[in-house]
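Please have a look at the sequence and the structure first.

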Amino acid sequence: MEWIYILLMALASSLMVIIYLVTKLYKVSEQLSIIEDSLVDIKKGNWNRRVLVNENDITKTICYSINDIAMKSQTQLIQLKQSEQAYKRLMTSLSHDVRTPLTSLVGYLEAVQKKFVTGKEKEEYLEIALNKAHHLKGFVEVLFDWVKLDAKEQVFKLEEQDINEFTRDILVNWIPTFEEEHFEYKIDISDKECFIRLDPNAYIRIVNNLIQNVIAHSEGTRIDLQISENEQNVMVQVSDNGKGISPNDLPHIFDRLYQSDESRSTNGNGLGLAIARELVHLHKGTIHAQNSLYGGTAFIVKLPKVL
Amino acid sequence: MTKYTIETKQLTKIYKDQKAVNNVNIHVKKGRIYGLLGRNGAGKTTIMKMILGLTSTSSGEVDVFGKNIKGREKQVYPRIGAIIETPGFYPNLTGTENLNIFAKLRGTSAPNAVKNALEIVGLPYKDKKLFGEYSLGMKQRLGIANAILHDPELLILDEPTNGLDPIGIAEVRDFIKKLSVERGKTILISSHILTEISLLADDIGIIDNGILLEENSMEELKRKNGKYILLQVSDAAKASLILERQFGLKSYSVKDDHTLQIYNNSLDMASVNKALILGDVSVISSQLCNDTLEDYFRKITGGDGIA
Amino acid sequence: MLKLIQIEFLKLRRRTFVWIMMFSALIMPFLAYLLFKYAWDTGGDPVQFYKWSAFGLTLFIVLPVVLGILSTMLMYNENQYDMLKQLWIVPVSKMRYFFSKFFVVLIYSVCFMLVTAVGSVIFSILLGDIAFDWQNVLFLIRKCLEIGVITAFAMLPILAIATTQNGYILPVAITLIYAFLGSIIVSINMYIHPLSSMAVIVARNGDIPGLNNTQVISIPLAFLSIFIWGIVSVLLANVALARRK
């Protein structure tokens, strides 16, 4: 009698094992059909397709690899598209923002050449034309810089820098300009060291562009520079007491070539803030502007401490 | 592959004899951001719920990835990430634990999926803070993290910037844009704030009282709407000289050899025309565009405007 | 399915009340201990003691109420914080979701009765006049397991009601009524109420003294009652979950 019980036990346990294996097999085949569907889709060019897989599935590594390949191909494809777009944007820029001063330059020079103006007025025309030509030259230079940035062609070298010390060094060079332009300035930077990884040239450009923007556009009389830090980020703030930015324009000011209508004049090229933003993004930081309650605008650059 | 990631055909939802959504046909193109703009209660959330199959349709059809979603939930849902209204989570768990639950339920597309998703939205990984102690902004961010956790092809985001502060809004906007530009995701986003949509969307659908009033690309709308004078003349160079010298005009751009766009609507067109003719420039046409996007939306929604 | 059950347990983290509730399993053994120490005498029969410590009020009141509260707590989060739509678009099947909750109740119920069993044994030893006997202990554990499993099924209606409600108050109130109704109905018709049907099954051999034996014992009828109530509850839960979007 004894052996019957043993046999039954063995039978029952082997049945359990079989049921377990069958369900496992069923699950794997289900996952394989999902993989197959996704691969068909990916083959058709949908590089965004991902295969989702459970933590302890046998096919986990295969699925992760498929996803990785799809994601990398997608990134490459998009980078190609982006450099194409950067080129297109250069062309639009050239046609819009170079053509305008160039046309007006031609207008002045034609007037001189066809002798519509003479004497003192002629001299004045020539001077305006020359100024316009210089401005145009400067603009084209900045434009190419920006295109390079936009196409991510420029090489960045991040190194450990004491941001407090480094910023002070940049600001020293600005003090004569502040005095010339009748700007009161207040600098609030801690003496403590605060090392973060940044590209020195890029960082100089960010600070310079923000200050330049305040001097050129704020119409204020005071500029405040402040650096503060918390656990994750360092915040660099440049604020003024000028006219502020209208809420309609505020979201657009970092867009390339965006200038609110009134200030669409000669002393700005609409690229400074766009460049600053690109550079901040290369540091994986954020930049934004807000109007302060007491008038004026504050630009805040947030840079992460750990890249 | 169909061109549209989401297409609705005559989509209608009736609540107690009232048409909450009325014959709506929206077309969300692959790889683009579609902004659904409308006042609170206009039917945006209902449309999104119907697309996701979270509420029944009274009539009409919804195609997602080219096919009807009914009966294919198991294949389609893993490819979609969504937040509808304010997303809820388990208050007795931390953000990371909450996401771990969803990662386990859905499966993941890559190792460290939870950590990556939290990083993108700017929340700390393995933080001790319970979801119940989160601020509204953090809750919203966790909701977005959950929507992108499985790296889906399609994101459906219902008012994703609700409850965020201005810095947060800018950050969320930045990474939504990034997801579309750098990762090629298709995104359907709703908002009641015009600037929000105009900054993000490539295509826009305007909905009011359940009716889709307009569907168009942002580019087209921006081209059609802006405050400027379009001037067609025989010689742009001469015209620009006259405008600069006699009217002190600075804000204008030259589109081509015969077309000028003037961003100063207060200009007296009669005297401009006269001066140009005197200066031997013939005016082919002048066109005054006096609508901003806001004016446009006010017009098509019947006077009240949006936000 | 296994995944969903695992996740249900993950969700119980930091919900200390659920674990504190487990201690209420020791209340009846402790009361029985006091009762027999100061008032009555077991006469050396452990089953008399167990009747009070594990089969009496535990079966009719304590376990159903504890399971009712647990059911409500399990359903509370998703209902209160509007989480269901997030689950549906994962997607999670509505029935699997419901059954994963049920399995948690089942496992909890069995654990609860095991704690009761262990408590009963310990207090019976503390009492002193009952000799430790393996056969009696095994009998106790077997009965406790039976009670644990069947009660979980008998509580399905409460779990279903909890899916329809947002708050705590109504489901808990219904739980109390449900439990008391169970113990009242025993003397009228044992096969109307799942809890009393459960009592029929547990006491089928007449080996638990005191449980009502006045009516005709019909095990299939009792199972049928629990089964019908269970099916009705599952259907109710299905409808309720389909409406929650």
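I will go through two interfaces, one after the other.

Before that, a word on conventions: this is a predicted model, in which local features need pLDDT of at least 70 and side-chain atom pairs count only at pLDDT 80 or more, whereas totals for chains, interfaces and linings use all residues. Residues are numbered from 1 along each chain as its sequence is written, chains are lettered from A and ligands numbered from 1 in the order in which they are written, and side-chain values use heavy atoms, with hydrogens and water left out.

Let me begin with chain A and chain B. Here 43 residues of chain A are in contact with 41 residues of chain B, contact meaning heavy atoms within 4.5 Å. The area buried between these two chains is about 3,800 Å², and carbon and sulfur atoms give 51% of that; buried area is the accessible area (1.4 Å probe) that two parts lose on being put together, summed over both.

Across this interface of chain A and chain B the rule finds seven salt bridges, each being a side-chain nitrogen of Lys or Arg within 4 Å of a carboxyl oxygen of Asp or Glu. One of the salt bridges joins the side chains of A:Asp41 and B:Arg79, at 3.1 Å from N to O.

Which elements of chain A each supply at least two residues of the side that touches chain B? They are α1 (2-43), α2 (60-113), α3 (119-150) and β6 (286-291), where helices (H or I, at least four residues) and strands (E, at least two) are DSSP runs, numbered from the N terminus. The largest share, 17 residues, comes from α2(A).

Turning to chain B and chain C, the contact takes 28 residues from chain B and 24 residues from chain C. Between them these chains bury about 2,400 Å², 63% of it on carbon and sulfur atoms. Within chain B, the residues that lose the most area to chain C are B:Leu54, B:Tyr90 and B:Leu105, which together make up 28% of what that side buries.

For this second interface, between chain B and chain C, the rule finds two salt bridges, and the side chains of B:Glu85 and C:Lys85 meet in a salt bridge at 2.8 Å, N to O. On the side of chain B that touches chain C, α2 (73-76) and α3 (95-106) of chain B each supply at least two residues, and α3(B) gives the most, with six residues.
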